Amino acid sequence: MGYLDGFRVTFMKLFEERVTTEYPKEKRPKPSRFHGRHVLNRYEDGMEKCIGCELCAGVCPAQCIYVRGADNPEADPVSPGERYGYVYEINYLRCIHCDLCVEACPTEAITESKLFEFSFANRADAIYTKAELVVDDEGLPRRQPWELWHKGDDVATSGWMRATASAGNPDYENRIGWSGELGYGVRTPEKGQHRGTNSGDDH
Amino acid sequence: MTGDPLYLDGVDLTDVGITIVKVLVAFTFLLIATMFMVWFERKLISDMQNRIGPNVAGPWGLLQTFADGVKFFFKEDLRPENADPLVFRLAPYISAVTAFLSFAIVPIGGSFGGDSSGTVTIFGRETYLQVADPPIGILLLLAMSSVAVYGVMLAGWASGSKYPLIGSVRASAQAISYEAALGMATVVVVVLAGTLSTHGIVAAQSGGFSRWFLVSSGIVPFIVFLIAATAELNRPPFDLVEAEQELVGGFHTEYSSIRFALFFLAEFMNVITMSAIMVTLFFGGPAGPIFFGMTWLWPTMWFLLKVLAFLFVFVWFRATLPRLRYDQLMHLGWKLLIPLILFWLMFISLKELRAAYDWNWVVTYGAALVALAIGASLLVVALRAGDRAYQEELEEV
């Protein structure tokens, strides 16, 4: 029919299934590497992973991270090594959840959780300080009163790291390359990124 | 004698009352129909794009337009510093008022054919089911759609801003180009009906499907009218006037609040009016089989059904066709539609003349064919030359 073919296409669409998810009413399961709000992880012995190097702040394209490092107090060190994150703030009015901070972090201190349903009544609340970001003694994120949590959102806080070949190199599949976490120990690797092996895992 | 029988024996208070009631009913009907047209369009276009569309305000989102209207009322009304204050404020009303006025001539009911002449009896008075049946009839539509261009043009000009100005310049060029085709398609119907009055046009189509001007004018005028009407309404694929991707919002970029709502209202109201006019001109208006009981209701129902079908078609156009480029728009209008409808008009006129004066078949159509051949070849030569010049121009660019 030439020019008129398009009319048939649009008309047949009337009888097709709708693709819309009506968000607040129904919620789709999140992908395993979903970028939500951050957490600051701790080692299995309770020490903080953050060493206050400010690489995350330097790489952040939205400039939403503010970090000040300080020397560890000798009597009661916060992190293993010389320095620790003395001030750590993320402004969620600016954060674009690109995960560059997570990739930049040399100690896997900062990762992103699945939590994204939060809103604030004032600008000060939008700035998460260290007290709100560091995981609690079970290794779980601390729940803020303005956050909406769903089952399982709080446990999968470092899902992306379990990709065993984060640089896309299949040689590293199933070779664990990160340190243990408080509450979890060394997490088991993801299936990997080899073509075909990870299919269906993201839903 | 033509004209509404209501006024034939002098005008008294009852006549005035009936007229006022008719005006109010038409006004309210059109407003509510426009409200649901906006909803209908949004819902249907969503369906054609695998989406859901408005579904929160009221059942199936029916009150979405109402909610939008309330929102518009409470929005701040901005006027750009460079705008011409008077004209800027006047333009939306020109658009809205002309949209209302053209609907007045549409017969929306009454049974035609046989011995009934499309009248109904209200309060013991015979009258037509249309607000007005002026002797100039369908010319009012053409006049109003021409005046409506002023609304768009003045809005763009008075905004004191460049995109609205470009949009309104496009609008005037487009409207002038397509009004010729629209007018001539209407003239074909007028020639066949022998009257300008819309009531007369509907009456001339009474008596079965084959009497509809869609059939007896040979479909071509209808198609030309449909395309020209779409262009006249500035609807996709002819929405160059608004062209969001190029002109922000076209002529209404600088409008906000209730002034913008008036343009919006006028646009959708024009769609309904144009559909109603097409039903009147080509689809026998309220004609249709009348079954049991409620004999006065059936014609109105048929009329509404036909209008609804056209509303569907307009939304369907929007869902399917991509916007034309500006030169394509002009080519389609001037080089295809106008010559086509011009030939068709002459042919139909000749046919009517031959029937009226009982001219010889062979001589009439032979002469017509010769004239047609000469005209067509001249036109082809002219178009070829024009195309060549155009191609050269394109290559230079």
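## Overall dimensions of chain B

A compact globule of 397 residues would have a radius of gyration near 21 Å, and chain B agrees with this at 23 Å (taken over C-alpha atoms, the globule rule being 2.2 Å times the number of residues to the power 0.38). Along the principal axes, the C-alpha atoms of chain B fill a box of roughly 65 × 65 × 45 Å.

This is a predicted model, in which local features need pLDDT of at least 70, side-chain atom pairs count only at pLDDT 80 or more, and totals for chains, interfaces and linings use all residues. Residues are numbered from 1 along each chain as its sequence is written, while chains are lettered from A and ligands numbered from 1 in the order in which they are written.

## Fold and burial

Chain B contains 13 helices and two strands (DSSP runs numbered from the N terminus: H or I of at least four residues for helices, E of at least two for strands). Of its 397 residues, 42% are buried, meaning that 20 or more other C-beta atoms, placed from the backbone, lie within 10 Å of the residue's own.

## Helix α1 of chain B

Helix α1 of chain B (residues 13–47) has 35 residues and reaches 50 Å from its first C-alpha to its last, close to the 51 Å expected (1.5 Å times one less than the number of residues). Its buried residues include B:Leu30, B:Trp39 and B:Asp47. Among the elements covering the buried residues of α1(B) are α1 (5–13) of chain A and α10 (257–282) of chain B, contact requiring C-beta atoms, placed from the backbone, within 7 Å.

How values were computed:
Buried ≥ 20, exposed ≤ 12 C-beta atoms within 10 Å, placed from the backbone. Contact = placed C-beta atoms within 7 Å.
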